[in-house]
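Work through these exercises with the structure open beside you. Try each task before you read its solution.

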Amino acid sequence: KMDRQYSKFQQKAIKNYYDNRESISIQRLGELVTDLYLAEGKSRATKWKTIAAALGKLGVGEAEIANLVKKDDPALLAKKVSELNGK
């Protein structure tokens, strides 16, 4: 297996991504809240699956994620995103 050689620019971009991964994930979660407000039916269920996975990656407990999905309330999710943003 050959190691990939990255340019200085690529190395910096990769490092910045990993340094800011949590804030990038929280921002994406905020975008998903907006999408959830507009989604209906199967699309809404798909959005919740994506949201649940994102919350899990951010360290939110399974019980809390299940509760948010069960309540299906974008306002509660928006509140959680605000809490995560405050960390």
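Helices (H or I, at least four residues) and strands (E, at least two) are DSSP runs, numbered from the N terminus. This is a predicted model: local features need pLDDT of at least 70, side-chain atom pairs count only at pLDDT 80 or more, and totals for chains, interfaces and linings use all residues. Residues are numbered from 1 along each chain as its sequence is written, and side-chain values use heavy atoms, without hydrogens and water.

**Exercise 1.** How do the axes of H2 and H3 cross?

Step 1. Axes are lines fitted to C-alpha atoms, for helices over the stretch in contact; angles run from 0 to 180 degrees between N-to-C directions. The axes of H2 (residues 21-38) and H3 (residues 41-57) come within 10 Å and cross at roughly 160 degrees.

Step 2. Angles under 35 degrees count as roughly parallel, over 145 as roughly antiparallel, 65 to 115 as roughly perpendicular and the rest as oblique. Therefore H2 is roughly antiparallel to H3.

Step 3. Name the residues in contact. H2 supplies Leu-29, Leu-32, Asp-35, Leu-36 and Tyr-37, while H3 supplies Arg-44, Lys-47, Trp-48, Thr-50, Ile-51, Ala-54 and Leu-55.

**Exercise 2.** Which members of the largest nonpolar core touch the most other members?

Step 1. A nonpolar core is a set of buried Ala, Val, Leu, Ile, Met, Phe, Trp, Tyr and Cys residues joined through side-chain atoms within 4.5 Å.

Step 2. This core has 16 residues, and Leu-29, Trp-48, Ile-51, Leu-55, Leu-77, Val-81 and Leu-84 touch the most other members.

Step 3. H2, H3, H4 (62-71) and H5 (74-85) each give two or more residues to this core. H2 gives the most, with five residues.

Terms used: Contact means heavy atoms within 4.5 Å. Buried means under 20% relative accessible area, exposed over 50%, partly exposed in between (1.4 Å probe, protein chains only).
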